[in-house]
Amino acid sequence: MRKKIEKIKSQLLSGLKKANTLEEVENLRVEYLGKKSAFNEILKGLKNLSPEEKKEIGPLANQTKQKIQKILEKKKSEIEETFDAKEEWIDVTAPGKKIKQGHLNPLSIVQRDIEDIFTTMGFEIADGPDVETEFYNFDAINMPDDHPGRDMQDTFWLSKEESREKGTGTVLRTQTSSVQVRYMQEHKPPLRIIVPGRVFRSETTDASHEHTFHQFEALVVGDDVNVANFLSVVENFFEKFFGKKIKVRLRPSYFPFVEPGFEFDISCTNCGGDGCSTCSQTGWIEIGGAGMVHQNVLESAGYKRNKYQGFAWGFGLERLAMMKYKINDIRLFHSGEIRFTEQF
Ligand code: DAH
């Protein structure tokens, strides 16, 4: 009896090895464990055995049946798995799942565009610290302590009153002009740089004012640099930046670090100069300040007075981004609002 059981088991196992489909496995189950199977005959005959035989064969037969059932189940699930993998298909017409993509802040986009344009014109990109000494932010660029020009900017002072009195104060830089003398102390003319960067002013915010914003400074110094060079560089830049011809206009103005100094306007990119609500019907948009570098500034960088000439400007990056992308509130840039950045 024991042998019979072993034989059934080994026959089933070798049959199972050849089985490849669920149907074949099912057939084996019927053949070896089904009602009409030899195994079932054994189970049915158990009751006729002697008590000793019953004791031995009964548990063996039941255990074997359970084992075989387990093996069959295992085989079935193996077949199902390979079947699934083979039969899996992709519905190419199903709508895709949208993967959320990160976006650059428009300010970063504009900054990169500007850097690209100026590097192709042979400019270098320079940088300086956000936390700046009073010296580089003011004194070095012709704005000593008693200079009325300092009142033009509301400064975040980081140092105490005493150090301010000694002229050794620390500020959050109010302008990228702070990098001019820093850079010139390390480099000799001819030089051409732009300085894109963050600046800070203690101001109340509204749709066109922020306490933290960006400028990009330009500084060109050499033996023979004049206003005509300045105009040609800016015209070139704006044409590339906006992808169309832009008119520029200089108005006499005052900045301590330049002489002469200008207020710099470009023709309104919205109406082309005819007058609209963006430019308050004037046809012009104010972009920033510019001028011929003051000899005092060149001198504080260690250059000999009247040896070199240069021009400089400080333009607002937000203003340019707002014009390019028609953004109407400067506070959006730092809002952290995803619905805003998603659009760029
Ligand atoms: N630093 C000035 C400001 O923030 C802007 C400026 C004006 C920069 C004239 C210049 C310049 O380089 O020549 O208001």
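1. Helix α1 passes helix α3 in a left-handed crossing, where left-handed means that the near helix is turned anticlockwise from the far one by less than a right angle, and right-handed that it is turned clockwise. Helices (H or I, at least four residues) and strands (E, at least two) are taken here as DSSP runs and numbered from the N terminus. The model is a predicted one, in which local features need pLDDT of at least 70 and side-chain atom pairs count only at pLDDT 80 or more, whereas totals for chains, interfaces and linings use all residues. Residues are numbered from 1 along each chain as its sequence is written, and side-chain values use heavy atoms, with hydrogens and water left out.

2. α1 (residues 2-18) packs against α3 at an angle of about 150°, their axes being 10 Å apart; axes are lines fitted to C-alpha atoms, for helices over the stretch in contact, and angles run from 0 to 180 degrees between N-to-C directions. This makes α1 roughly antiparallel to α3, given that angles under 35 degrees count as roughly parallel, over 145 as roughly antiparallel, 65 to 115 as roughly perpendicular and the rest as oblique. Residues K4, I5 and I8 of α1 meet A38, F39 and I42 of α3, contact meaning heavy atoms within 4.5 Å. By class, the residues of this contact are five nonpolar, no polar and one charged; Ala, Val, Leu, Ile, Met, Phe, Trp, Tyr, Cys and Pro count as nonpolar, Asp, Glu, Lys and Arg as charged, and the others, Gly among them, as polar.

3. The overall dimensions deserve a comment. The protein has a radius of gyration of 41 Å, whereas a compact globule of 344 residues would have one near 20 Å; the radius is taken over C-alpha atoms, and the globule rule is 2.2 Å times the number of residues to the power 0.38. Along the principal axes, the C-alpha atoms fill a box of roughly 125 × 55 × 40 Å. If neighbours within four places in sequence are left aside, L43 is in contact with A61, N62 and K65.

4. The secondary structure comes to twelve helices and nine strands. Seven strands make an open sheet with mixed pairing, in the order β1-β4-β5-β9-β8-β7-β6, and its edge strands, β1 (124-125) and β6 (248-253), each pair on one side only. Two strands are said to pair if DSSP finds at least two bridges between them.

5. Two of the pairings can be followed residue by residue. β6 and β7 pair in the antiparallel sense over six bridges and form a hairpin with four residues between them; the bridge partner of R251 in β7 is E263. Strand β7 (residues 258-267) also pairs with β8 (residues 284-293), again in the antiparallel sense, over eight bridges, and here D265 has E286 of β8 as its bridge partner.

6. Helix α11 (residues 317-325) lies across β5 (212-222), β7, β8 and β9 (309-316), and runs at about 110° to β5. α11 also packs with α9 at an angle of about 45°, the axes being 11 Å apart, and the two helices are therefore oblique to each other. F237, F238, F241 and F242 of α9 and L320, M323 and K324 of α11 make the contact, with six nonpolar residues, no polar and one charged.

7. On α5 (residues 106-120), α9 (residues 227-242) packs at an angle of about 130°, with axes 10 Å apart, and α5 and α9 are therefore oblique as well. Their crossing is right-handed, and the contact is made by V110, D113, I114, I117, F118 and T120 of α5 together with V233, F237, K240 and F241 of α9. These residues divide into seven nonpolar, one polar and two charged.

8. Some backbone geometry is worth checking by eye, since most residues other than glycine have a negative phi, and most peptide bonds are trans. The bond from P189 to P190 is cis, with omega near 5°, and P190 is in the loop between α8 (178-186) and β4 (191-200). Another cis bond joins E259 and P260, with omega about -5°, and P260 lies in strand β7. Q281, in the loop between β7 and β8, has a positive phi near 65° although it is not glycine.
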